[in-house]
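Reader: I have a chain on screen and would like to go through its fold and its surface. Could you take my questions in turn?

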Amino acid sequence: MKWLKEPENYFTRQEYQVDERTDWDIGVCVDSIQKKANVSQSTISHYLDIMQRAGLLIAERRGKWTYYRRNEETIQRTADYVAHEL
């Protein structure tokens, strides 16, 4: 999650330019996350899927690549709940 907050600080320019938007607008390619985490593709995909189903991440499919970015609204609501309700 920290890497996806400021991806430009944790990832090099992505190999897979998908359109005219800047690299980080659609998120970080799962392949880049997998390489940085140094875990198997299936393991990172499982972790990302769990976070997406929890609403913490947004996934965007472009061709054969899937890109992930943080869902800041859900993260903020969760942080507020933890800070004020627990």
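Reader: How many helices and strands does the chain have, and in what pattern along the sequence?

Author: The model is a predicted one. Its secondary structure comes to 5 helices and 3 strands. Read along the sequence, these follow the pattern α-α-β-α-α-β-β-α.

Reader: In what order do the strands lie in the sheet, and which are the edge strands?

Author: The sheet is open, has 3 strands and pairs in the antiparallel sense, with the order β1-β3-β2. An edge strand pairs on one side only, and this holds for β1 and for β2 (57–62). The edge strands are therefore β1 and β2.

Reader: Over how many bridges do β2 and β3 pair?

Author: In this pairing R62 stands opposite W65 in β3. The sense is antiparallel, and the count of bridges between β2 and β3 is 6.

Reader: Which helix packs on the sheet there, and what angle does its direction make with that of β2?

Author: The helix touches both β2 and β3. It is α4, and its direction makes an angle with that of β2 of about 120 degrees.

Reader: Which residues of α3 are buried, and what covers them?

Author: Helix α3 spans residues 30–37, and its buried residues are V30, D31, S32, I33 and Q34.

Reader: Which residue follows α3 with a positive phi?

Author: The phi in question is near 60 degrees. The residue that follows α3 with this value is N38.

Reader: Is L86 buried or exposed?

Author: L86 sits in the segment after α5 (72–85). Its relative accessibility is 73%, and exposed means over 50%. L86 therefore counts as exposed.

Reader: Which residues make the nonpolar surface patch that includes L86?

Author: The patch has an area of about 350 Å². Besides L86, its members are Y81 and V82.

Reader: What share of the residues is buried, and what share of the accessible surface belongs to carbon and sulfur atoms?

Author: The chain has 86 residues, and the buried ones make up 31%. The accessible surface comes to about 5,800 Å², and the part that belongs to carbon and sulfur atoms is 50%.

Reader: Among contacts between residues at least 6 apart in sequence, what share joins residues at least 24 apart?

Author: Contacts between residues at least 6 apart form the basis of this value. The share that joins residues at least 24 apart is 41%.

Conventions. Residues are numbered from 1 along each chain as its sequence is written. This is a predicted model: local features need pLDDT of at least 70, side-chain atom pairs count only at pLDDT 80 or more; totals for chains, interfaces and linings use all residues. Side-chain values use heavy atoms; hydrogens and water are left out. Patches are made of residues with over 30% relative accessible area and no salt bridge: like charges are joined within 9 Å, nonpolar side chains (Val, Leu, Ile, Met, Phe, Trp, Tyr) within 5 Å. Accessible areas come from the Shrake-Rupley method with a 1.4 Å probe; for residues, only the protein chains shown count as cover. A salt bridge is a side-chain nitrogen of Lys or Arg within 4 Å of a carboxyl oxygen of Asp or Glu. Helices (H or I, at least four residues) and strands (E, at least two) are DSSP runs, numbered from the N terminus. Buried means under 20% relative accessible area, exposed over 50%, partly exposed in between (1.4 Å probe, protein chains only). Two strands pair if DSSP finds at least two bridges between them. Contact means heavy atoms within 4.5 Å. Axes are lines fitted to C-alpha atoms, for helices over the stretch in contact, and angles run from 0 to 180 degrees between N-to-C directions.
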